[in-house]
Amino acid sequence: MNSDSDLQIAGDILEVQHLLQPAREHPSTVAEFVGLARSIAADRAQWAPLVQYDTASRWYHRLRNVPQALGSARAGETPLGYEVWLLSWVPGQGSGLHDHGLSSGVLTVLDGQLTEHTRRGARALEAGAQRVFAPGYVHEVVNDSLEPAVSLHVYFPGLTDMPMHAAQCAPAAADVVPA
């Protein structure tokens with residue numbers, strides 16, 4: 001299983017703006033799930049009043065849960081099944097190194113700044129930044145800044161597993177992937 005992402009093959013859809021689709025009632029493609037995340041992010045009145053900050057543990061709130069309908073794999077039918085989560089991050093909080101099992105996802109930073117760590121390195125994510133990932137994508141998200149942050153996460157199908165991974169200071173020689 002690829003521990004990074006299928007985006008290495010297909011390229012980053014977020015870099016090809018004309019392929020992004022507006023939000024639909026029942027998204028069925030990666031581009032449509034990105035559109036859903038963008039439409040929720042743009043409607044600050046929908047999510048901002050819900051945000052809470054917890055210094056003892058990461059705060060999260062499920063905004064939407066659409067169960068998968070049987071036979072929904074074809075476009076135009078009822079939902080594929082997805083969840084939308086709102087998370088807050090106080091300075092220093094992080095997710096730990098993990099993947100999302102069989103779920104793909106869209107991570108959108110709503111406020112503040114987060115840092116995503118993968119085996120390829122670290123990437124700063126400012127408000128408005130989005131990341132798209134496939135099943136098996138291993139990463140850690142951390143608030144390395146001095147200000148709180150808020151993020152939106154769409155998982156499709158809905159998140160049923162989030163395996164944690166042991167942190168490694170440096171990859172073993174056999175694990176090094178050419179850039």
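This is a predicted model: local features need pLDDT of at least 70, side-chain atom pairs count only at pLDDT 80 or more; totals for chains, interfaces and linings use all residues.

Me: What makes Arg-62 and Glu-83 a salt bridge?

Reply: Their closest N and O atoms are 2.6 Å apart. The cut-off is 4 Å, so the pair qualifies. The two residues sit in distant parts of the chain, 21 residues apart. Arg-62 is in strand S1 and Glu-83 in strand S2.

Me: How many salt bridges does the structure hold?

Reply: Three. One of them joins Asp-111 to Arg-44, with the closest N and O atoms 2.7 Å apart. Asp-111 lies in strand S3 and Arg-44 in helix H3, so this bridge ties together parts 67 residues apart in sequence. Asp-111 has 22% relative accessibility and counts as partly exposed. Arg-44, at 41%, is partly exposed too.

Me: How do you know that Glu-116 and Arg-131 form a salt bridge?

Reply: The closest N and O atoms are 2.8 Å apart. Glu-116 is in strand S4 and Arg-131 in strand S6, so the bridge connects parts 15 residues apart in sequence. Glu-116 has 2% relative accessibility, which makes it buried. Arg-131 has 9% and is also buried.

Me: Now the nonpolar residues. Which members of the largest nonpolar core touch the most other members?

Reply: Tyr-82, Val-106 and Val-154, out of 19 residues. Helix H2, strand S8, S1, S2 and S3 each give two or more residues to this core. H2 supplies the largest share, with five. In soluble globular proteins, nonpolar side chains tend to be buried together.

Me: What does Val-154 touch, leaving out residues up to four places away in sequence?

Reply: Its contacts include Phe-33, Leu-36, Ala-37, Tyr-82 and Val-106. Glu-83 is another residue that Val-154 touches.

Me: Why is the pair of Phe-33 and Tyr-82 called edge-to-face?

Reply: First check the distance. The ring centres are 5.4 Å apart, and the limit is 6.5 Å, so the rings pair. Then check the angle. Phe-33 is in helix H2 and Tyr-82 in strand S2, 49 residues apart. Phe-33 is buried at 1% relative accessibility. Tyr-82, at 2%, is buried as well.

Me: What makes the pair of Phe-133 and Tyr-155 tilted?

Reply: The ring centres are 6.4 Å apart, within the 6.5 Å limit. The planes are at 55°. Stacked needs under 30 and edge-to-face needs over 60, so this pair is tilted. Phe-133 lies in strand S6 and Tyr-155 in strand S8, 22 residues apart. Both residues are buried.

Me: Which residues do ring pairs link into a cluster?

Reply: Phe-33, Tyr-82 and Phe-156. The whole structure has five aromatic pairs.

How values were computed:
Residues are numbered from 1 along each chain as its sequence is written. Side-chain values use heavy atoms; hydrogens and water are left out. A salt bridge is a side-chain nitrogen of Lys or Arg within 4 Å of a carboxyl oxygen of Asp or Glu. Helices (H or I, at least four residues) and strands (E, at least two) are DSSP runs, numbered from the N terminus. Buried means under 20% relative accessible area, exposed over 50%, partly exposed in between (1.4 Å probe, protein chains only). A nonpolar core is a set of buried Ala, Val, Leu, Ile, Met, Phe, Trp, Tyr and Cys residues joined through side-chain atoms within 4.5 Å. Contact means heavy atoms within 4.5 Å. Rings of Phe, Tyr and Trp (its six-membered ring) pair if their centres lie within 6.5 Å; planes under 30 degrees apart count as stacked, over 60 as edge-to-face and the rest as tilted.
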